[in-house]
Structure formats: C-alpha cells, structure tokens
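Visitor: Can you walk me through this one? I'd like to start with its open spaces.

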Amino acid sequence: MKNIIISSSNKNKISEIIPTIQPFFDRIYSLRDFPDIGDIKEDGTSIIENSFIKSRVAFSHTKIPSMADDTILEVDYLMGEPGLYTARYAGENATYEENIDKLLKNMQGVSIEQRTARFKTVVTYVDGKNDFSVEGCLEGRILENKEGEKGFGYDPIFYSTEQNISLGSMSIEEKNRVSHRALAIQKFAHKIKELMHA
C-alpha cells in the first residue's frame, strides 16, 4: 500500500482527493507522471464502468495500485441529463463555462421546485486482487445564475440543499468535507484502512 496512482490529469480533482488519502500512502502519483498512458477513452455505459476503465488502464500500464473517480450531474427536469456526458455536455472539448451555459439555457424558465439535481461520484480502486468501488451523492438544485468563484465545473450553479450554499461559494476545506466527491473519497479511505489492517 505504499504508492497509488490517481488516474486523472485534472489538477482540480487531484487536489480535492489528495488531502484525504495522503495519510495512507508514501507516494501519490497522477496521470501527469505517466504521460505515455495518454488519454483514456471512457466508453462505458455507467459511471462505475467509466471509473473502472480509468483505474484499470493506469494499473495495467504501471502495476501500481490505481484509483479513479467518475462524476455525473443528474438534473431531474432534463430526465437525468447531462449524466454520462457531464464533462462534455456542450461538446467533446467543451470548457466548464460552455457546459454551464448550455445547462442554464436548457433550464431557462424552469421553476425553483423543478430544478432538483444531484451529483454522484463513484471511486474505484484496482490492485489486481482487492478491486472495489464506493459512491458519494450530494442532493441539490440548479441555480438560475452563478454564485461564487470557487470550485470548478458546475460548482457555481449547483446549490447544496443540505448546506444551503452553492458549491462555488464553499471554501475548499468545506467542500472537501461535504461534497459528493468528498463523501466517496472518505468511504474510499475507510476501505483502504480496512485493507491495511486485514
């Protein structure tokens, strides 16, 4: 359990994951450390499949235990969209801004009661024998306008109904305690602890 790879090159995502898992590993790598792996094609039919694709590719290339996360945003009014297309909602190389703009456009004129949504994160771990997955979920709603400058992705338009604040207005410390990814990473850390003491 000395080393692990976070199968991602998204620096925002990596910086949210590292604080929680740091105590369990000597070295934490990311895909930035292994440029030869290249872009991983996420062509699964669910977030758990896509997450496992990423962790398995990193493990098979390096033989270092690997973890990955996959996150989707489900908006009830849009019948679960953007779903699997959360990261590329406005197109293959869409920016965060373009994805937000498309979602806000599709939600124009929709009442506050009908703007319910949730973020789901699945974290997978692959080491060849102890493969597992865990999930975190955060309920909320889609705001009509952006609130806050923090976070990334859809954070400024996602209002957490549990915390009564947009993810874009949360400090990194608070987000690392209560967000969908934080909840999944906390479960992941718990499982890693169990494996270490098994």
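Visitor: Which residues lie nearest the centre of the largest pocket?
Guide: Asn10, Lys13, Glu42, Lys54 and Ala87 lie nearest the centre, out of 38 lining residues. A pocket is an open set of points on a 1 Å grid over the protein atoms alone, with protein on both sides within 12 Å along at least five of seven lines; lining residues have an atom within 4 Å of a point, and a cavity is a set where a 1.4 Å probe fits but cannot get out.

Visitor: Where does this model come from?
Guide: It is predicted, so local features need pLDDT of at least 70 and side-chain atom pairs count only at pLDDT 80 or more, while totals for chains, interfaces and linings use all residues. Residues are numbered from 1 along each chain as its sequence is written, and side-chain values use heavy atoms, with hydrogens and water left out.

Visitor: What volume does the largest pocket have?
Guide: About 1300 Å³. A volume is the space filled by probe spheres set on the grid points, which are joined across faces, edges and corners.

Visitor: Which elements supply at least two residues each to that lining?
Guide: α2, β3, α3 (96–106) and α5 do. The largest share is from β3, with 3 residues. Helices (H or I, at least four residues) and strands (E, at least two) are DSSP runs, numbered from the N terminus.

Visitor: How do the lining residues of the largest pocket divide?
Guide: Into 13 nonpolar, 13 polar and 12 charged. Ala, Val, Leu, Ile, Met, Phe, Trp, Tyr, Cys and Pro count as nonpolar; Asp, Glu, Lys and Arg count as charged; the others, Gly among them, are polar.

Visitor: And the second largest pocket, what is its volume?
Guide: About 150 Å³. Its lining includes Tyr96, Glu97, Lys146 and Pro156.

Visitor: Which residues of α2 are buried?
Guide: Among them are Ile47, Phe52, Lys54 and Phe59. Lys54 also lies among the residues nearest the centre of the largest pocket.

Visitor: What do the buried residues of α2 pack against?
Guide: β1 (3–6), α1 (11–21), β3 (66–75), β5 (116–126) and β6 (132–142). Contact means heavy atoms within 4.5 Å.

Visitor: What happens just after α2?
Guide: Lys63 takes a positive phi of about 60°. Lys63 sits in the loop between α2 and β3. Lys63 is exposed, at 58% relative accessible area.

Visitor: Where else is there a positive phi in a residue other than glycine?
Guide: At Asn164, near 55°. Asn164 is in the loop between β7 (158–160) and β8 (165–166). Asn164 counts as exposed too, at 54%.

Visitor: New topic: rings. How many aromatic pairs does the count come to?
Guide: The count is 6. One of the pairs is Phe132 with Phe188, a tilted pair with 5.7 Å centre to centre and 35° between the planes. Rings of Phe, Tyr and Trp (its six-membered ring) pair if their centres lie within 6.5 Å; planes under 30 degrees apart are stacked, over 60 edge-to-face, and the rest tilted.

Visitor: Which parts does that pair tie together?
Guide: Phe132 lies in strand β6 and Phe188 in helix α5, so the pair ties together parts that are 56 residues apart in sequence. Phe132 is buried at 8%, and Phe188 is buried at 0%. Ring pairs link Tyr125, Phe132 and Phe188 into a cluster.

Visitor: Last one. Which peptide bond is cis?
Guide: The bond from Glu81 to Pro82 is cis, with omega near -5°. Pro82 lies in strand β4 (residues 82–83).

How values were computed:
Buried means under 20% relative accessible area, exposed over 50%, partly exposed in between (1.4 Å probe, protein chains only).
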